[in-house]
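Please read them with the structure open beside you.

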Amino acid sequence: MAEFEIVRQTVITADPARIHGLIDNFHEWTKWSPWEDLDPRLQRKYSGPGAGLGARYAWDGNRRAGRGSMEITSSDDREIGIRLAFEKPFKATNKTIFELNPVEGGTEVVWRMTGQHKGLMGVIGKVFPIDNMIGKDFEKGLDRLKSAAEAN
């Protein structure tokens, strides 16, 4: 098993509370998630509280979108932690953290995912580094989050 970490960041010209609301509420992810356009018929299921600790989101989609779930495991003004579980096209459970750091002119948002390559993904990860595969999605998502947060 090999551990991995993917990290991307950007500065958004918006108050941390505005950005926090877009991340901490899975209903808001349709505005910025980089995976929203993978399957126009994606099935979504929300459970638990509407936002914050314990909020859950599950999806089931086509081959590109796959199937999985997320649960907010921690949430405060500066950090949101999420347990991300993939079921298809492969099984994996990863930890995702969004850090919101006030900086001159806005908020630095750091999106970090950590996990372990197991089984077939361990082999694939040696040939195709996961950072190359998922990093571009994080960049796309941060660009969309920036647009959503900066819009009036």
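**Notes on aromatic pairs, core and helix start**

1. At a relative accessibility of 29%, Trp35 counts as partly exposed, a class that lies between buried (under 20% relative accessible area) and exposed (over 50%), as found with a 1.4 Å probe on protein chains only. Please bear in mind that this is a predicted model, in which local features need pLDDT of at least 70 and side-chain atom pairs count only at pLDDT 80 or more, whereas totals for chains, interfaces and linings use all residues. Residues are numbered from 1 along each chain as its sequence is written, and side-chain values use heavy atoms, with hydrogens and water left out.

2. The model holds 12 aromatic pairs, where rings of Phe, Tyr and Trp (its six-membered ring) pair if their centres lie within 6.5 Å, and where planes under 30 degrees apart count as stacked, over 60 as edge-to-face and the rest as tilted. Helices (H or I, at least four residues) and strands (E, at least two) are DSSP runs, numbered from the N terminus. Trp29 is buried at 5% relative accessibility, and Phe98 is buried at 0%.

3. The rings of Trp35 and Trp111 are also edge-to-face, because their centres are 5.9 Å apart and their planes stand at 80 degrees. Trp35 belongs to the loop between H1 and E2 and Trp111 to strand E7, so parts 76 residues apart in sequence are tied together here. Trp111, at 2% relative accessibility, counts as buried. One aromatic cluster includes Trp29, Trp35, Phe98 and Trp111, and among its other members are Phe26, Tyr46 and Phe138.

4. Which residues of the largest nonpolar core touch the most other members? They are Ile19, Ile23, Phe98 and Leu145, in a core of 31 residues; such a core is a set of buried Ala, Val, Leu, Ile, Met, Phe, Trp, Tyr and Cys residues joined through side-chain atoms within 4.5 Å. The largest share, five residues, comes from H3. Leaving aside neighbours within four places in sequence, Phe98 is in contact (heavy atoms within 4.5 Å) with residues including Ile23, Trp29, Trp32 and Trp111.

5. At the start of H1, Asp15 caps the N-terminal end, with a side-chain oxygen 2.9 Å from the backbone nitrogen of Ala17. Within H1, the buried residues are Ile19, His20, Leu22, Ile23 and Asp24. An α-helix has 3.6 residues a turn, so residues three or four places apart point the same way.

6. Thr107 sits in strand E7 (residues 106-117) and is buried, with a relative accessible area of 0%. The side chain of Thr107 reaches the backbone oxygen of Ala14 at 2.8 Å. Beyond neighbours within four places in sequence, the contacts of Thr107 include Ala14, Asp15, Pro16 and Ile19.

7. Ala58, in strand E3, is partly exposed at 27% relative accessibility. Not counting residues up to four places away in sequence, Ala58 touches Gln43, Arg44, Lys45, Gly68 and Ser69.

Note on methods. A polar contact is a pair of N or O atoms within 3.5 Å; within protein, one must be able to donate a hydrogen and the other to accept it, and residues adjacent in sequence count only if both atoms are side-chain atoms.
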